[in-house]
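Please look over the sequence and the structure shown here before reading on. The briefing that follows takes up a few topics in turn.

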Amino acid sequence: MSGAGEGEAEDISTVDNYQRLQIAPNPDGNITRLAKFPESPPTSDPKLPTPVLSKDIPINESKKTWVRIYLPRHALDHSSSSKLPLVVFYHGGGFILLSAASTIFHDYCVGFATDVPVIIASVEYRLAPEHRLPAAYEDATEALHWIKTTPDDWLRDHADLSNTFLMGISAGGNIAYHAALHADVDRLHPLKIHGLILQQPFFSGTQRTGSELRLANNHAFPLSCSDLMWDLSLPTGASRDHEYCNPTVRDGCKKLDRMAVGWRVLVTGWDGDPLIDRQIEVAKMLEENGVHVVCHFAEGGYHGIDIFDASKGKALFVVVKNFIFSQSAR
């Protein structure tokens, strides 16, 4: 995800992508992040007038990973017998930018936890290029093992770990997908994954799709910025047909057996997003491999609109609520 903006195509081919992303390359291959994106602190005091409480807890201090837990206030008034589903959330940012504390994701999680309602564990993972993939996937799966063993009272008393969903936006959707493939689900008990929520997931490939060609100069998310993010995130020397980037090639579908046994996958997208054809391809691949897929592709939006446009976000919450609470999800 880059900045907010309407999805019409315009000629921005002369814009330097490092400048657009507000990063600067360093001689050692890492980057300097020039922009200071707004961040929001957690709000854990139940005396404060907030519909959702939140707090940060370290996961792995050596990696500087942590989780922000969101608890709807009304959950405190219910007995432990009426626990809420757990959504493990991975933020967007093209693997190189932003944080679980970023205000755009904090506010989104507050709205999500309020409207659906669910308990959310939003994971702070390591960023590329300082930590190239699969570092984010490793952090994502480590978070799942942390959740199953943590003595945290919010999760212990109010989250139904046996009804867990992995969710991510943009690059976070990619992380949710690969975390599901890489997690040793047999060792996660009592945490049980029921499905994935892939919101405008970030995938690509060397062969351009129709939407990538049509929206190459898209203002909200130009294709050249997408390419740069992949260059900075993939293992050194890997092409965009690496399985981390393009799950439809080579052996990408050989690990889908676990998804085909009781899991459901929601894939969302907008027609003004250069990535939409890729998202549709991945959804079809999952269906062809026996996975129960629910698609929600809409018109008139751009990459990241669910985050930047509150009305679109609230509309998506309805879709996600129906997906999570449908009887067939259990």
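The model is a predicted one. Eight strands form an open sheet with mixed pairing, and the count of salt bridges comes to 14.

**The sheet**

- Going across the open sheet, the strands follow the order β3-β4-β6-β5-β7-β8-β9-β10, and their pairing is mixed.
- The edges are taken by β3 and β10 (residues 292-298), each of which has a single partner strand, so one side of each is left without a neighbour in the sheet.
- From one strand to the next, the twist averages 20°.
- In general, the strands of a sheet pair through backbone hydrogen bonds, in either a parallel or an antiparallel way.
- Strand β5 (residues 84-90) runs parallel to β6 and is joined to β6 by five bridges, and V88 stands opposite A121 in β6.

**Helices against the sheet**

- Helix α2 (residues 103-115) lies across β3, β4, β5, β6, β7 and β8, and the helix runs at about 35° to β4 (65-72).
- Helix α5 (residues 171-182) also packs on the sheet, where α5 touches β5, β7 and β8, and its direction makes about 135° with that of β7.

**Salt bridges**

- K55 and D152 form a salt bridge in which the closest N and O atoms are 2.6 Å apart, and this pair links distant parts of the chain, since K55 is in strand β3 (residues 52-60) and D152 is in the loop between α3 and α4, 97 residues apart.
- Are K55 and D152 buried or exposed? Both K55 and D152 are buried.
- K55 and D152 also belong to a network of salt bridges that links them with D153.
- E138 forms a salt bridge with R126, with 3.5 Å between the closest N and O atoms; E138 lies in helix α3 and R126 in the loop between β6 and α3, so the pair ties together parts that are 12 residues apart in sequence.
- Within that pair, E138 is partly exposed, with a relative accessible area of 40%, whereas R126 counts as buried because its relative accessibility, 14%, is under 20%.
- The side chains of R156 and D157 meet in a salt bridge at 3.0 Å from N to O; R156 is partly exposed, with a relative accessible area of 47%, and D157 counts as partly exposed at 27% relative accessibility.

- The peptide bond from V116 to P117 is cis, with omega near -20°, and P117 lies in the loop between α2 and β6.
- The peptide bond from A128 to P129 is likewise cis, with omega near 0°, and P129 lies in the loop between β6 and α3.
- F95, a residue other than glycine, has a positive phi near 70°; F95 lies in the loop between β5 and α2 and counts as buried at 2% relative accessibility.
- Q200 is not a glycine either, yet its phi is positive, at about 45°; Q200 is placed in the loop between β8 and α6 (210-214) and counts as buried at 1% relative accessibility.

Key: Residues numbered from 1 in each chain as written. Predicted model: local features only at pLDDT ≥ 70, side-chain atom pairs only at ≥ 80, totals over all residues. Heavy atoms only, no water. Salt bridge = Lys/Arg side-chain N within 4 Å of Asp/Glu carboxyl O. Helix = DSSP H or I, 4+ residues; strand = E, 2+ residues; numbered from the N terminus. Buried < 20%, exposed > 50% of the residue type's maximum accessible area, 1.4 Å probe, protein only. Pairing = 2+ DSSP bridges. Axes fitted to C-alpha atoms, helices over the stretch in contact; angles between N-to-C directions. Contact = heavy atoms within 4.5 Å.
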